[in-house]
Amino acid sequence: MSLSTFRFGDGNPQYDAQGRLRHLLNTEGLREPEMLQILDTAESFLSIAQRSVKKTPTLRGKTIVNLFFENSTRTRSTFELAAKRLSADVLNIAVSTSSASKGESLIDTVDNLMAMQVDGFVIRHPEAGAAHLIARHLGDSALVINAGDGQHAHPTQALLDVFTIRRLAGPIEDRVVAIVGDVLHSRVARSQIHALSILGCPEIRVIGPQTLVPKELSALGVHVYHDLQAGLRGVDVICALRLQKERMESHRLPSLDEFHRRFGLTPERLQWAQPDALVLHPGPMNRGVEIASEVADGHQAVILQQVAHGLAVRMAVLTLLAGAAGGGENHA
Amino acid sequence: MNADWDVTTLLEGMVRDLRPRVDPEQTAMIGIFTGGVWIAQALHRALGLKTALGQLDISFYRDDFSQIGLHPQVRASDIPFAVDGRSIILVDDVLYTGRTIRAAMNEIFDYGRPANILLAVLVDRGGHEVPVAADIAALRLNAAAGGQIKLRGPDPLRLELLTSPRTAS
């Protein structure tokens with residue numbers, strides 16, 4: 001079964017017929033009550049990291065597979081730690097795309113793991129729709145969490161970002177948020193936009209060069225800026241994006257220096273935004289390209305808090321999905 | 001049917017029973033959400049305990065998590081004192097199957113190793129399914145399995161006996 005035969009938009013495979021959230025594939029189509037339940041539950045998991053025993057027995061006896069077809073340090077390790085802190089057993093499988101193309105299809109790989117009685121998959125894949133494909137294949141026999149698929153979606157990153165904004169900048173309903181950089185190639189930006197709009201963010205801006213900001217975004221109610229100074233004016237939260245160097249073969253930028261000169265976040269430019277505006281970055285950072293070291297290490301950056309929040313949010317997502325698998329109600 | 005127990009009188013009885021067993025300088029108290037926290041707040045005040053009150057949400061420790069899933073509203077557990085070596089009074093509103101207390105004790109031990117735990121409840125309604133017993137109970141009943149005893153609050157606190165069939169444990 002090839003990914004190219006897969007179509008989006010037919011139904012919302014994240015929810016089952018009873019309206020329970022069974023998979024987390026995208027922030028698009030996620031309903032507000034479940035999103036709020038994930039964020040509220042994550043608040044409870046944050047404090048567990050301060051205890052002498054940093055584990056709960058919640059997923060005891062469950063097995064979660066981290067199936068990564070793309071490199072990742074932060075996402076994979078926080079998912080692994082999240083599952084372990086919930087007392088689940090974790091199987092980490094890193095598949096290089098070349099060995100996958102050697103023969104076994106994605107579905108075959110999943111079926112083999114299902115034969116080992118696993119309970120859930122956290123999947124990262126370079127092709128958009130990979131997690132959807134697995135979720136549709138598995139139905140309610142195992143939970144599926146999308147940990148990044150191509151340029152499509154990265155829902156747990158977006159959830160940890162809105163969690164961070166909510167905790168550190170206050171109610172999303174009255175904050176202006178700007179997403180800065182390579183929006184075109186960014187699954188993080190797409191998922192952030194959906195999460196912010198579901199939570200009622202009154203003004204979402206994207207700022208970047210014309211070649212790196214898709215025009216369709218204004219149709220989603222997003223304000224598009226190609227000038228950093230104009231775009232940052234009055235902004236409470238700045239979400240920097242990693243410049244996807246490895247996806248820049250198509251010559252959309254003259255040079256990284258040119259990008260930094262026009263869109264790099266420096267201490268001087270931060271002053272264009274609200275005083276003490278928060279600076280988020282999903283990592284890994286290209287210091288001196290999209291973000292200057294003085295900003296990355298400065299008092300407005302909350303990048304390491306994002307990592308801690310990511311662990312709590314992933315524990316909350318695993319708990320909510322695993323709870324629904326037992327037939328439990330999970331909507332607020 | 002609403003029973004006309006006076007919660008204030010029941011609380012006074014609990015304070016009387018607890019007083020000889022606590023040292024206000026040392027003893028700590030933990031209430032279990034939601035009703036247990038209400039009771040614990042009243043007891044904590046009346047006993048003049050110096051250690052800040054702890055609050056426990058046992059959602060992540062429930063033994064029926066894989067059957068019933070996550071509680072729609074999980075609150076953060078907050079134990080604002082070192083548990084190691086501490087004498088702790090664990091407070092809940094209604095003791096029924098005992099499973100909540102088991103889960104609460106599991107969670108407390110993830111914070112540290114207390115010197116001892118004493119269980120104080122407003123109502124012990126019987127029907128225990130695990131060997132858990134209340135050290136102090138203001139009211140001991142032998143309620144029918146179909147009935148439900150519920151503490152409403154926080155202000156005023158009201159104890160209700162509902163005779164409708166139970167829908168959840």
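Is the crossing of α6(A) and α7(A) left-handed or right-handed? Keep in mind that this is a predicted model, then select residues 155–168 of chain A for α6 and residues 187–198 of chain A for α7. Look at how the two helices cross: it's right-handed.

Stay with this pair a moment. Their axes sit 8 Å apart, and the helices pack at an angle of about 50°. Angles under 35 degrees would count as roughly parallel and 65 to 115 as roughly perpendicular, so α6(A) and α7(A) are oblique to each other.

Next, show the side chains where they meet. On α6(A), pick A:Pro155, A:Gln157, A:Ala158, A:Leu159, A:Asp161 and A:Val162. On α7(A), the partners are A:Val188, A:Ser191, A:Gln192, A:Ala195 and A:Leu196. Colour this contact by residue type and you get 7 nonpolar, 3 polar and 1 charged.

Now hop over to chain B and look at the side that touches chain A. Here 20 residues of chain B are in contact with 24 residues of chain A. The largest share, 4 residues, comes from α3(B). By type, chain B's side splits into 9 nonpolar, 7 polar and 4 charged.

Last stop: select residues 23–134 of chain B. An unreviewed UniProt entry places "domain: Phosphoribosyltransferase" there. This stretch is 27% helix and 23% strand, and its end C-alpha atoms are 19 Å apart.

Note on methods
Residues numbered from 1 in each chain as written. Chains lettered and ligands numbered in written order. Predicted model: local features only at pLDDT ≥ 70, side-chain atom pairs only at ≥ 80, totals over all residues. UniProt positions renumbered as here; feature names shortened; annotations may be inferred. Contact = placed C-beta atoms within 7 Å. Nonpolar A, V, L, I, M, F, W, Y, C, P; charged D, E, K, R; others polar. Axes fitted to C-alpha atoms, helices over the stretch in contact; angles between N-to-C directions. Parallel < 35°, antiparallel > 145°, perpendicular 65-115°, else oblique. Left-handed = near helix turned anticlockwise from the far one by under 90°.
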